[in-house]
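Open the model in your viewer and keep the selection tool at hand. The tour goes from one chain contact to another.

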Amino acid sequence: MVPMCMSVLYFAKSAELTGHKSETIRDPSELMTLELAIYHLTHYESVALGDQRISLRDGNEVAVIPPLSGG
Amino acid sequence: MVPMCMSVLYFAKSAELTGHKSETIRDPSELMTLELAIYHLTHYESVALGDQRISLRDGNEVAVIPPLSGG
Amino acid sequence: MAKAEGDPRDLVKLTHDKLSVDTVSDSVTCPSCGAISIFIGTTRNSFEGMKVVQLEYEAYIPMAESELRKIYTDIRARWPTVRHICVHHRLGVVPVTEASVVIGISSPHRGDSLEAVQYCIDTLKATVPIWKKEVYEADESCWKENKECQWT
Amino acid sequence: MAKAEGDPRDLVKLTHDKLSVDTVSDSVTCPSCGAISIFIGTTRNSFEGMKVVQLEYEAYIPMAESELRKIYTDIRARWPTVRHICVHHRLGVVPVTEASVVIGISSPHRGDSLEAVQYCIDTLKATVPIWKKEVYEADESCWKENKECQWT
């Protein structure tokens with residue numbers, strides 16, 4: 001089985017913590033350990049971690065969205 | 001007894017109705033017939049006509065204030 | 001642009017010149033405030049089906065200034081964190097789409113200035129001696145009356 | 001200045017340039033409206049006693065635009081008379097007293113645009129993926145969290 005690839009975007013504090021703005025990871029299950037909200041980018045739908053499983057396909061992009069502070 | 005003199009200022013519709021922006025009148029009681037609010041200028045206090053008597057002295061100025069429409 | 005910290009400013013201008021939103025905004029800007037709320041009243045092109053070509057404003061200037069300052073006193077009593085207050089009201093002819101009034105209020109947090117600007121325009125319409133005449137296309141005109149005014 | 005009557009405008013700009021209140025005001029001006037309400041968020045000089053020298057804003061731009069358009073859809077459902085809506089949000093460094101966000105909304109009568117502008121800034125803070133870092137005098141900094149955000 002071909003390993004699944006996905007890119008992850010980091011913003012604000014999550015970029016500072018990880019040390020980069022984006023990365024490609026092969027096993028998306030490790031995402032589940034992040035205590036941050038995740039947005040499934042295909043439809044810009046938000047998924048709070050722990051709330052539900054999300055179905056990801058090869059090539060999907062996810063973004064880690066820390067608490068907002070715009071305005 | 002010396003007749004009392006006062007100047008009256010007219011604004012907006014009241015100026016159109018009277019045909020002038022101000023006039024000097026000798027008998028202030030005629031003011032009481034105007035169906036408009038009057039402001040006693042000395043302290044910019046408002047007096048709705050018919051509500052109460054106002055005490056005017058020689059040289060006082062009064063203004064006839066039609067319904068407001070600023071903003 | 002007056003931006004130094006200092007006493008709260010109570011600014012009033014009645015003018016025949018065109019109004020500038022940036023000028024009002026700058027005049028209430030201050031380093032301790034995170035919020036500026038602005039209301040702009042503009043001339044509409046129609047009233048009950050009649051085409052309005054312009055408005056003409058007239059004020060009883062000394063009393064208008066005095067009534068505006070009473071409103072400022074009320075605002076500062078009700079929203080003590082409000083910092084600067086500025087009202088510019090235009091007089092004379094105001095063409096369609098141009099501003100007749102611009103109100104700007106600053107506060108550290110947004111709730112106060114948003115509420116205060118609404119109170120300011122509501123009360124201005126009820127108490128400040130300014131009048132507008134709508135001038136229609138067919139050479140007709142009509143002095144308007146604010147519903148907020150107590151003696152219409 | 002876009003002032004001709006036409007379709008309602010839903011305007012969004014995320015920019016590293018300095019914001020202009022006049023530009024936002026002009027972009028929502030229209031002949032059928034008597035009211036424009038504007039909210040300006042500005043950079044404050046202090047937070048809990050620490051001196052703030054500047055803010056730095058970052059956005060997830062495509063999603064921010066998408067979330068803003070959802071807010072516009074909500075506004076048009078709740079206040080159907082609202083005519084034009086414009087949000088300009090600044091990114092990158094914003095010095096103290098300068099605007100980080102300018103929101104402008106026009107409507108025929110003032111109640112609608114005043115309520116809608118408050119809803120717009122409240123909802124923007126809760127749902128639009130933009131972040132600000134406060135930079136303090138002592139070379140320290142802190143990513144902020146809006147209390148309106150559901151997952152702080």
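**First stop: chains D and A**

Select chain D and chain A. Their contact (heavy atoms within 4.5 Å) takes 30 residues from chain D and 19 residues from chain A. This is a predicted model, in which local features need pLDDT of at least 70 and side-chain atom pairs count only at pLDDT 80 or more, while totals for chains, interfaces and linings use all residues. Residues are numbered from 1 along each chain as its sequence is written, chains are lettered from A in the order in which they are written, and side-chain values use heavy atoms, with hydrogens and water left out.

Chain D and chain A bury about 2000 Å² between them, 61% of it on carbon and sulfur atoms. Buried area is the accessible area (1.4 Å probe) that two parts lose on being put together, summed over both. Now pick out Tyr60(D), Trp131(D) and Trp151(D): within chain D they lose the most area to chain A, together 36% of what that side buries.

Next, show the side chains of Glu58(D) and Lys21(A), which form a salt bridge at 3.4 Å, N to O. The term stands for a side-chain nitrogen of Lys or Arg within 4 Å of a carboxyl oxygen of Asp or Glu. The interface of chain D and chain A has two salt bridges.

**Second stop: chains C and D**

Switch to chain C and chain D. How many residues does the contact take from chain C and from chain D? It takes 35 residues from chain C and 35 residues from chain D. About 2900 Å² is buried between chain C and chain D, 50% of it on carbon and sulfur atoms.

There are four salt bridges between chain C and chain D. To see a salt bridge here, select Arg110(D) and Glu148(C), whose side chains meet at 2.8 Å, N to O. Then colour helix H1 (21–28), strand E2 (35–42) and helix H3 (110–127) of chain C, each of which supplies at least two residues of the side that touches chain D. Helices (H or I, at least four residues) and strands (E, at least two) are DSSP runs, numbered from the N terminus. E2(C) gives the largest share of that side, eight residues.

Finish at Ile36(C), which stands opposite Ile40(D) in E2(D).

Methods. Two strands pair if DSSP finds at least two bridges between them.
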